[in-house]
Amino acid sequence: MSHSKYRPDIELIDSEAAQRIFAEDMRRVLCSKSVILDVGANRGQFAAKLLEIENISKIYCFEPVPDAFSYLESLASNDSRILPVQVAISTKTGKIPYFVTKSDVGSSMLRPISGQPSEWLTLQEEIIVDAIRLDEFIQGNIEDPFPTIDLLKSDAQGADKLVLESAGYRDWE
């Protein structure tokens, strides 16, 4: 079975029905003033889908992998509602190791297990990327002092718990 570089071999049984249900769900929760955080945005596939469905105010797209980020920048050049941010979201702000897979959709803060049969789980290289806590990003970059985030999409390849932890109160550390 071949694996695409840009998409794992995941196929929906009824793609049209799934897309219709997704669109209906998004229309229920999003509006023209919606602010969305897309963590692990890759090439902006999720953002592009949302913009087809609903008129959204802003989509902050977080993607630390340079090749994927360049696609995000290109997408953003055609739509000012897409705001690409070249950082990983983590519990610590600073420089972190990041593991880029042969198919970058599997890239993560977590090292992939060696010997994976799929390109999207096979390590290509380890790079150092900038990381920021989500609460710090929101506080420093979203003008509203009490912003409403209508949707947080996290596709952090196993590090989603770190994404959620970075959004909250941290005096307990």
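**Entry 1: what I am looking at.** I note that this is a predicted model, in which local features need pLDDT of at least 70 and side-chain atom pairs count only at pLDDT 80 or more, while totals for chains, interfaces and linings use all residues. Residues are numbered from 1 along each chain as its sequence is written, and side-chain values use heavy atoms, with hydrogens and water left out.

**Entry 2: confidence.** I looked up pLDDT, the predictor's confidence in each residue, from 0 to 100. The mean for the chain is 85, and 87% of its residues reach 70 or more. Residues 1-10 stay under 50, and for this stretch the model has 22 contacts beyond four places in sequence, where contact means heavy atoms within 4.5 Å. I will read those contacts with care.

**Entry 3: the elements.** I counted the secondary structure by the DSSP runs, numbered from the N terminus, in which a helix is H or I over at least four residues and a strand is E over at least two. The chain comes to five helices and seven strands, and from the N terminus on the elements run α-β-α-β-α-β-β-β-β-α-β-α. Among contacts between residues at least 6 apart in sequence, 65% join residues at least 24 apart.

**Entry 4: how strands pair.** Two strands pair if DSSP finds at least two bridges between them. I returned to β1 and β2, which run parallel and are joined by five bridges. I then turned to an open sheet of three strands, in the order β4-β6-β5 and with mixed pairing. Its edge strands are β4 (88-89) and β5 (94-101), each of which pairs on one side only. β4 pairs with β6 (residues 123-132) in the parallel sense over two bridges, and the bridge partner of Ala88 in β6 is Ala131.

Entry 5: β2 is mostly covered, as four of its five residues are buried. For the surface I looked up the accessible area, which comes from the Shrake-Rupley method with a 1.4 Å probe, with only the protein chains shown counting as cover for residues. The chain exposes about 10000 Å², of which carbon and sulfur atoms supply 53%.

**Entry 6: the nonpolar cores.** A nonpolar core is a set of buried Ala, Val, Leu, Ile, Met, Phe, Trp, Tyr and Cys residues joined through side-chain atoms within 4.5 Å. In soluble globular proteins, nonpolar side chains tend to be buried together. Of the 26 residues in the largest core here, Tyr60, Phe62, Ala88, Ile89, Tyr98 and Leu134 touch the most other members. I found that β1 (35-39), β2 (58-62), β4, β5, β6 and α4 (134-141) each supply at least two residues of this core, and that β6 gives the most, with four residues. Apart from it lies another core, of 18 residues, among them Ile36, Ile53, Cys61 and Ile82. I also checked Tyr98, whose contacts, not counting residues up to four places away in sequence, include Pro64, Ala88, Met109 and Val129.

**Entry 7: Lys153.** Is Lys153 buried or exposed? Lys153 counts as buried because its relative accessibility is 16%. Lys153 lies in strand β7 (residues 151-154), and its side chain reaches the backbone oxygen of Gly40 at 3.1 Å. Beyond four places in sequence, Lys153 touches Leu37, Asp38, Val39, Gly40, Ala41 and Phe46.

Entry 8: Most residues other than glycine have a negative phi. I therefore noted Asn42, which has a positive phi of about 55 degrees although it is not a glycine, and which is buried at 7% relative accessible area. Asn42 sits in the loop between β1 and α2 (45-53). Gln157, in the loop between β7 and α5 (160-165), has a positive phi near 50 degrees and is partly exposed, at 22%. Arg43 is also in the loop between β1 and α2, and is buried at 11%. The C-alpha atoms of Arg43 and Asp67, 24 residues apart along the chain, are separated by 8.6 Å.

How values were computed: Buried means under 20% relative accessible area, exposed over 50%, partly exposed in between (1.4 Å probe, protein chains only). A polar contact is a pair of N or O atoms within 3.5 Å; within protein, one must be able to donate a hydrogen and the other to accept it, and residues adjacent in sequence count only if both atoms are side-chain atoms.
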